[in-house]
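Reader: Before I rely on the labels used for this chain, I would like to see how each of them is reached. Could we go through them one by one?

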Amino acid sequence: MAKYEEIASVLRDRIADGVYGEDSMLPTQAELAKEFGASRMTVKKAIEILIIEGLIYSKQGIGTKVLNSSFWNKRDSKVRLNNFNGLSSDLADDSRKITSQVIEFSVEFPSKEIAECLQVEESSPVYKIIRLRLLDGSPYVIEHTYMPCDLVPSLDEKVLLASVYDYLLHKLNLKFAGGYRNITAERPDNYDQQYLNCSASDPVLQVEQVVYLGNGRPIEYSRIRNRFDTKGYSLLDVKKF
């Protein structure tokens with residue numbers, strides 16, 4: 001773990017434990033740099049992580065303030081729409097254990113729609129992956145994912161049972177530039193009813209996304225689906241004045 005991530009983790013725990021209470025001010029970056037034996041730049045990166053998570057707000061000349069966290073008490077609200085590091089990373093600080101069940105894993109030629117999303121030819125092979133993700137053994141989400149085979153070599157079931165994004169970021173050293181997400185409410189399909197224990201009338205939350213590499217090429221098209229009562233999303237939008 002990088003030094004700035006360690007510092008962010010300590011500060012996050014202090015906020016959760018009330019060491020830094022709601023509406024209180026964090027120590028200055030200079031004070032934190034001295035405490036942790038780190039540079040001001042390293043502390044600044046740690047602070048930026050907590051800003052993205054919606055825990056604090058920082059403004060030059062005023063300092064860094066702990067936000068009122070009542071809105072963030074829902075555990076699953078921590079899954080952020082402006083984060084593209086994968087579910088395992090989103091839930092890294094959650095005490096619950098995330099596991100995976102591979103429902104389908106194959107290589108096929110994409111449909112016209114999938115080919116357009118991934119910006120590949122219909123004759124270019126892609127991985128088709130359907131995974132059930134479980135939290136403490138309970139169904140959480142189903143991921144329907146497509147990836148170009150040429151961008152993700154040697155993908156296998158061992159990777160799918162762990163973290164695909166960890167493999168992309170740390171084994172293949174790929175760099176993400178961002179992505180597009182579309183959120184809709186859907187009727188449950190057969191997969192939802194079988195693996196998420198949905199009734200025919202339960203609404204399903206779907207996040208459809210395309211994730212792009214630094215060179216602008218799509219690395220993933222996916223549809224992530226969950227029951228209405230198991231998972232939510234949040235988006236932090238902080239305007240700079």
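Reader: Which residues of helix α2 (residues 29-36) are called buried?

Author: The buried residues of helix α2 are L32, A33 and F36, where buried means under 20% relative accessible area, exposed means over 50%, and partly exposed is in between, with a 1.4 Å probe and protein chains only. A helix here is a DSSP run of H or I with at least four residues, a strand is a run of E with at least two, and both are numbered from the N terminus. This is a predicted model, in which local features need pLDDT of at least 70 and side-chain atom pairs count only at pLDDT 80 or more, while totals for chains, interfaces and linings use all residues. Residues are numbered from 1 along each chain as its sequence is written, and side-chain values use heavy atoms, with hydrogens and water left out.

Reader: Why is Q206 called buried?

Author: Q206 has a relative accessible area of 7%, and because buried means under 20%, the label applies. The residue is in strand β7 (residues 204-213), which is mostly covered, with seven of its ten residues buried.

Reader: What does Q206 touch, and how do you know that its side chain has a polar contact with that of R225?

Author: Contact means heavy atoms within 4.5 Å, and, not counting residues up to four places away in sequence, Q206 touches N182, I183, T184, E186, R223, I224 and R225. A polar contact is a pair of N or O atoms within 3.5 Å, where within protein one must be able to donate a hydrogen and the other to accept it, and residues adjacent in sequence count only if both atoms are side-chain atoms. The side chains of Q206 and R225 are joined at 2.6 Å, so the pair meets that limit.

Reader: How do you know that β7 pairs with strand β6 (residues 176-186) and with β8?

Author: Two strands pair if DSSP finds at least two bridges between them; β6 and β7 have ten, in the antiparallel sense, and nine join β7 to β8, which also run antiparallel. The bridge partner of E208 in β8, for instance, is R223. β7 and β8 form a hairpin with four residues between them, and G216 in the turn has a positive phi of about 90 degrees.

Reader: Why is the pair D150 and R217 called a salt bridge?

Author: The term requires a side-chain nitrogen of Lys or Arg within 4 Å of a carboxyl oxygen of Asp or Glu, and the closest N and O atoms of D150 and R217 are 2.9 Å apart, so the pair qualifies. D150 lies in the loop between β5 and α6 (157-160) and R217 in the loop between β7 and β8 (218-227), so the pair ties together parts that are 67 residues apart in sequence.
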